[in-house]
Amino acid sequence: MIERYLLIASVFIPIIGSCTLPIIGRFSERIRNLTALGCVLASLAASLLMIPPALKGTVPAISIDFPLGCDFVLTADILALFMAVVSSFIGAVIIFYSFDYISHYDNRNEYYFMAVLFLGAMMGLVFSANLVFLYLFWEITAIASWRLIGFFREKEQVQKADKAFLVTVAGAFMMLVGFIYLYQKSGSFDLSVIKQAFASQPIPDIMVALILIGILTKSATLPFHTWLPDAGVAPSPVTALLHAAVLVKIGVYVFARLFITTFTISTVWHTVVPVIAAVSALVSAGAALVATDMKRIIAYSTVSQIAFILLGLAVGSDIAVAGGLLYILMHGLAKGGLFLCAGIVEQNTKTKDITKMGGLISAMPITAISFLACAFSVMGIPPFGGFFSKYLVFSGTFSSGHYFIGMTFLAGAMLTILYLMRTFNMVFMGDANISGVKEGSKAMVASVAALAILSLVGGLVINYPSGFAQAAVKQMLGI
């Protein structure tokens, strides 16, 4: 019984708590900030407490009947808990970082409201076992993202926010059409009923294509990727939270939830999706290699790395799927750290153009070392956590016979090293081009240092996160 209360708390504490933040902020900004952090930490704690029973086979669930198959169903299996813990932990670090970063901007009450609401919607999405509510929470994240990307309210920011909203919502509409097709064939929106209806056959390709469009737009995968680099106009904690650590992971999570856990798809998609991912990885890595906007480089890197996750989930091997899930964690830690480092650099140098920087390591050594550590993890340098996730994805890909695709991704991995080292060298090494630069605030520096350390520690104690990911795979594949 207590697990059911924890499941409710993990979703509704941040959702309800977010609505109180604008009111609290009118009286005390400090209490508002702490309340925002407390809501996210409460969701994290509730998710962590549900892990032991889930690993023992007890899956907490809540079901409330509504008409037309729109039942409110929450289920906390290992896959959902994995995503919930990753999202809420990284979200908590970013909220803490925001205390100082956002402190001198306008619209602070709305920022915390939308950020915490987004995280609450993310919790609702990962635990939803009904397609209607999965779609509802999916769209709430789109609304929150729209407001957060346009945080500064200038014309350019608003236009880029509108673009992100329109692209992702259009994709979500196509996905909804696919959900309706599933309802017509199965008579229900509940994932358990749909799973039984398609237990002996793959779902029709038209349904896969419609749902996949929604997934690819949310995950900023080629050709729907352009909104993500443009979203760099948002504050750095927004880009870290929504467009590196959490938001773009929604798509790959739904891919795993539907196409691996719930029903099977035609074998052709195990080739089509990796090919799409391979093209996305190479094109975005090439764009990152020539870009000069620091946040845009990191955003293109996200597009490229999301392709590695899609590869792991799509090839069908249990090793690759485990690698894809582990990649979600390791990439979230490292890429969140890179964006937060970029925020410190941007606030202190007043520019995002890496050609105008240089020599910053002497003024901000902790930020520089943290950036390098997070970059090493994204590159897949041992013993950082990113190495092990990338190794599992490649191992599963080659063992499944996808040799050409695997070699294409190896080329993408080489490009990752080139553009991240180019960025580090131009920003932090060489002669100083900007005077009066200093290290970020204690809270901001502590946040990036924590993510950098965890990117390393995650590799040193890889048995624990990989064991969690493998447990999720066993439950997903029924092995």
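This is a predicted model: local features need pLDDT of at least 70, side-chain atom pairs count only at pLDDT 80 or more; totals for chains, interfaces and linings use all residues.
1. The residues of H7 that are buried are Gln157, Lys160, Ala161, Ala164, Thr168, Gly171, Ala172, Met175, Gly178, Phe179, Leu182 and Ser186.

2. Length and end of H7. Helix H7 covers residues 155–186, and at 1.5 Å a residue its 32 residues should span 46 Å. The C-alpha atoms at its ends are 46 Å apart, which agrees with that expectation. After H7 comes Gly187, with a positive phi near 80°.

3. Leu182 and the nonpolar core. Leu182 is buried in H7. Beyond its neighbours within four places in sequence, Leu182 is in contact with Leu131, Gly187, Ser188, Ile194, Phe198, Ile203, Met207, Ile211 and Phe263. The largest nonpolar core has 180 residues, and those touching the most other members are Phe127, Leu182, Phe259, Leu325 and Phe409. Helix H15 (residues 318–349) supplies the largest share of this core, with 18 residues.

4. Aromatic pairs. The structure holds 27 aromatic pairs. One of them joins Phe371 and Phe428 in a tilted arrangement, with 5.5 Å from centre to centre and 50° between the planes. Phe371 belongs to helix H16 (residues 365–379) and Phe428 to helix H18 (residues 403–428), so that the pair links distant parts of the chain, 57 residues apart. Phe371 and Phe428 are both buried.

5. Aromatic cluster and charges over rings. One aromatic cluster is formed by Tyr97, Tyr101, Tyr105, Tyr111, Tyr112, Phe151 and Phe152. Arg147 lies over the face of Trp146, at 5.5 Å from the ring centre. The ring of Phe308 has the charged end of Lys390 over it, 4.9 Å from its centre.

6. The salt bridge of Arg257 and Asp77. The count of salt bridges comes to 10. In one of them the side chains of Arg257 and Asp77 meet, at 2.7 Å from N to O. Because Arg257 lies in helix H12 and Asp77 in the loop between strand E2 (72–75) and helix H4 (78–101), the pair ties together parts that are 180 residues apart in sequence. Buried means under 20% relative accessible area; Arg257, at 6% relative accessibility, therefore counts as buried, and Asp77, at 11%, also counts as buried.

7. Further salt bridges. Glu110 and Arg153 meet through their side chains in a salt bridge of 2.6 Å, N to O. This pair links distant parts of the chain, with Glu110 in helix H5 (residues 108–127) and Arg153 in the loop between H6 and H7, 43 residues apart. Arg153 counts as partly exposed, at 30% relative accessibility. Arg296 forms a salt bridge with Asp230, and their closest N and O atoms are 3.1 Å apart. Here too distant parts of the chain are linked: Arg296 is in helix H14 (residues 294–314) and Asp230 in helix H10, 66 residues apart. Arg296 is partly exposed, with a relative accessible area of 27%, whereas Asp230 counts as buried at 10% relative accessibility. Glu29, Arg32 and Arg108 are linked in a network of salt bridges.

8. The place of Ser395. Ser395 is located in helix H17 (residues 385–399). At 25% relative accessibility, this residue counts as partly exposed. Ser395 and Val246 are 149 residues apart in sequence and, from C-alpha to C-alpha, 26 Å apart in space.

Note on methods: Residues are numbered from 1 along each chain as its sequence is written. Side-chain values use heavy atoms; hydrogens and water are left out. A nonpolar core is a set of buried Ala, Val, Leu, Ile, Met, Phe, Trp, Tyr and Cys residues joined through side-chain atoms within 4.5 Å. Buried means under 20% relative accessible area, exposed over 50%, partly exposed in between (1.4 Å probe, protein chains only). Helices (H or I, at least four residues) and strands (E, at least two) are DSSP runs, numbered from the N terminus. Contact means heavy atoms within 4.5 Å. Rings of Phe, Tyr and Trp (its six-membered ring) pair if their centres lie within 6.5 Å; planes under 30 degrees apart count as stacked, over 60 as edge-to-face and the rest as tilted. A charge sits over a ring if NZ of Lys or CZ of Arg is within 6 Å of the ring centre and within 35 degrees of the ring normal. The expected span of a helix is 1.5 Å times one less than its number of residues. A salt bridge is a side-chain nitrogen of Lys or Arg within 4 Å of a carboxyl oxygen of Asp or Glu.
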